[in-house]
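User: I have a structure open and a few quick things to ask about it. Can you take a look?

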Amino acid sequence: MTRTRIAAIVSFVVLSCGLAWLVALPLWLGDGLAEPIAGLLLPAMMFTPTVATVIVTFALRVPSSGERVRFLGLWPLRPAKRVVWLMVLGWLAPPLLIGLSVVVAAALGFVQIDPTFARVAAQLAQMLPEGAPTPPVELFVISQIVMIPVAALINCVVAFGEELGWRGWLVPALRPLGTWPTLLISGVIWGVWHSPVILLGYNFGRTDITGVLFMIGGCVAWGILLGWLRLRSASIWPAVLAHGSLNAAGGLVILFAASQPDLALAGPLGVAGWVVAAVVIAILAVTGQFRQQPELAGAPGRLLSAPREARHPSTS
């Protein structure tokens, strides 16, 4: 790790987190997440890592101008077959893993499943105008599940705002440290970055340090999986799709719960999600998937984001 790269990493982290707090400041000065502009500020905050990426890339020139597109994983999409396959995996796998986390949450007693969806039916009736007929709750639930892949694609727009920074810039910048330090450190930073809204009760309803710690745990767990997609494909796009899909399917447990669950335990970013992610990560590790990292297209002999002087593959 050169001094220039270390300075760039520190600058990126400070800028990303500082800009996130700046965007969230009106919420802190107002009514928190109840502020009318919260619906605008939360998506805007997701683009602060992109802003940090642009500033660091052009001000500190990490990476250099000739390799920026490849370094960030934007292009080229080669080998095409692997990239496309991992994009499909990133798009469709998160809802399945979140579905498994609901099963785990129920098995561990974190949530009680209501097969009649009585809670959802009551909420649906409250949303409809007085006297309006209530559609079958099963049809509503099915429609919500069926729409997840579509919602995932829509969510990719704002997910890109984060992923260009986390998996696009930060993971390659940290890559000389080795695979596991890269994935763990980037996951911790990703979790800490959420602090401005987590401390307002976002995600877990906890307004103290425990909420931040749960978020860090969730971001490390999912960050390893998104980071694997990035390193395995040499492209940012599988991670973008996975992030959008994760956000789209994040509320699945609420659909099936008999009462409002504690998302720090039952949610996809909570303990149940950690368990499922840990199993998948273990399978990937045992099968050697973290060692299979392609070279960056157009740069013979260099692993994805390895230092310029490195001329041999690494198995770290």
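**Fold and two residues**

Analyst: H243 counts as buried, because its relative accessibility is 2% (buried is under 20% relative accessible area, exposed over 50%, partly exposed in between, with a 1.4 Å probe and protein chains only). This is a predicted model, where local features need pLDDT of at least 70, side-chain atom pairs count only at pLDDT 80 or more, and totals for chains, interfaces and linings use all residues. Residues are numbered from 1 along each chain as its sequence is written, and side-chain values use heavy atoms, with hydrogens and water left out.

User: Which helix does H243 lie in?

Analyst: Helix α12, residues 237-249; helices are DSSP runs of H or I of at least four residues, strands runs of E of at least two, numbered from the N terminus.

User: What joins the side chains of H243 and E163?

Analyst: A polar contact of 2.6 Å, meaning a pair of N or O atoms within 3.5 Å; within protein, one must be able to donate a hydrogen and the other to accept it, and residues adjacent in sequence count only if both atoms are side-chain atoms.

User: Switching to P135. Buried, exposed or partly exposed?

Analyst: P135 is partly exposed, because its relative accessibility is 35%. P135 sits in the loop between α6 (118-127) and α7 (137-146).

User: And what does P135 touch, not counting residues up to four places away in sequence?

Analyst: L124 and L128, with contact meaning heavy atoms within 4.5 Å.

User: How many helices and strands in the protein?

Analyst: There are 15 helices and 0 strands. Of the 316 residues, 48% count as buried.
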